[in-house]
Amino acid sequence: MEQALLKIIEGTVASVHPQGGRKHPNQEMIQIDTKNLLFIVGGAFDGIEEIVKQRMGEKIIGFGQNNCAIDEKASYMQHIISDDIQKFGIIPELIGRLPVFAALDQLTTEDLVRILTEPRNALVKQYQTLLSYNDVELDFEPDALEEIAQKAIERKTGARGLRSIIEETMLDVMFEVPSQTDIKRVKITKEAVDGTDKPLLETA
C-alpha cells in the first residue's frame, strides 16, 4: 500500500474509476493529475510515543536515573521526527515525500462534548430528531454528556466511540418510546450513562 502511494504523492497522472471499480467494472476511467494536490496523511500510530521516549532518553539506564529533562506533563509526540516514524514501520521513501510532521493532542472531555452537541449532524441532535418523530423531547443533562465523553477517553476510542456509548444508553429507550404513546420527554442523566440507573421517561 505504501509503495502504491509513492508515485501518487510525488505527482503523476492517475487513472481512477469515477464511481468505484467493483460495482462498475466496465466504466471509463478518468485521468487526475496529482501534481498540485495536497496530501494529508494521518493515523493513530499507536505505540509510537514509546519510540520517541526511548530516543529522548526516557528509558531508565545506569542507576535508575532518567536521562530526559522533559516535563512529565509535556507531550513527547511534539518532539517526533522522521526517524521515529521510520522505526515505527513506515518506509523511508514515503517519509521523504512528506515534508511536514505535526502531532495532535488527544481530545479532551470538553472537545468530545462539543463534538456531541455542536456540529450540524451531531449525535445528540440525531437522536433528538429520531425521537421527535414520535413527538418525544430528548434531553441530555450536562453531567451525562461529560460522562459519555469520559467513557470514550477511558476506552481510548476517541470521537469514534461516542456513538456506541450513546447507543448503549439509549437502547431500551429506542424500543420503548414507539410503543408508549404517553411518553413526552426522555431525560438522559449521568447515572443512565454509567449504568447505575435508567433514563427518565416523563409522561403527559
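In this predicted model, Arg-155 and Glu-168 form a salt bridge whose closest N and O atoms are 3.1 Å apart. The pair links distant parts of the chain, with Arg-155 placed in helix H7 and Glu-168 in helix H8 (residues 162–179), 13 residues apart. Both partners fall into the intermediate class of accessibility, since Arg-155 counts as partly exposed at 38% relative accessibility and Glu-168 counts as partly exposed at 45%. Salt bridges that share partners also join Asp-139, Arg-185 and Glu-202 into one network.

**Other salt bridges**

- A search of the whole structure finds nine salt bridges, and one of them pairs Glu-10 with Arg-97, where the closest N and O atoms lie 3.3 Å apart.
- Because Glu-10 lies in helix H1 while Arg-97 lies in the loop between helix H4 (92–96) and helix H5 (109–117), this pair ties together parts that are 87 residues apart in sequence.
- The two partners are assigned to separate classes of accessibility: Glu-10 counts as exposed, at 55% relative accessibility, whereas Arg-97 counts as partly exposed, at 28%.
- Lys-53 and Glu-50 are three residues apart in helix H2, so about one helical turn separates them, and Glu-50 itself counts as partly exposed at 44% relative accessibility.

**The largest pocket**

- The largest pocket holds about 1800 Å³ of space, and its lining is made up of 41 residues, of which Gly-43, Ala-44, Phe-45, Met-77 and Leu-104 lie nearest the centre.
- The elements that give two or more residues to this lining are helix H1 (2–10), helix H2 and helix H7 (142–155), with the largest share, three residues, coming from H1.
- Sorted by class, the lining of the largest pocket comprises 27 nonpolar residues, seven polar residues and seven charged residues.
- Helix H7, which is among the elements named for the lining, is also the helix that holds Arg-155 of the salt bridge with Glu-168.

**A nonpolar surface patch**

- Val-16, Ile-30, Ile-32, Leu-37, Phe-39 and Val-41 together make a nonpolar surface patch of about 440 Å².
- Phe-39, one of the residues of this patch, is placed in the loop between strand E2 (30–33) and helix H2 (48–55).
- With a relative accessible area of 30%, Phe-39 is classed as partly exposed, because that class covers the values between the buried limit of 20% and the exposed limit of 50%.

- Lys-87 is found in helix H3 (residues 82–88), and with a relative accessible area of 64% Lys-87 is exposed, since the exposed class applies over 50%.
- Lys-87 and Val-52 stand 35 residues apart in sequence, while their C-alpha atoms are 9.7 Å apart in space.

Terms used: Residues numbered from 1 in each chain as written. Predicted model: local features only at pLDDT ≥ 70, side-chain atom pairs only at ≥ 80, totals over all residues. Heavy atoms only, no water. Patch = residues over 30% accessible without salt bridge, like charges linked within 9 Å, V, L, I, M, F, W, Y side chains within 5 Å. Areas by Shrake-Rupley, 256 points an atom, 1.4 Å probe, with all protein chains shown as cover. Salt bridge = Lys/Arg side-chain N within 4 Å of Asp/Glu carboxyl O. Helix = DSSP H or I, 4+ residues; strand = E, 2+ residues; numbered from the N terminus. Buried < 20%, exposed > 50% of the residue type's maximum accessible area, 1.4 Å probe, protein only. 1 Å grid on protein atoms, 1.4 Å probe; cavity = no way out; pocket = protein on both sides within 12 Å on 5 of 7 lines; lining within 4 Å. Points joined across faces, edges and corners; volume = space filled by probe spheres on them. Nonpolar A, V, L, I, M, F, W, Y, C, P; charged D, E, K, R; others polar.
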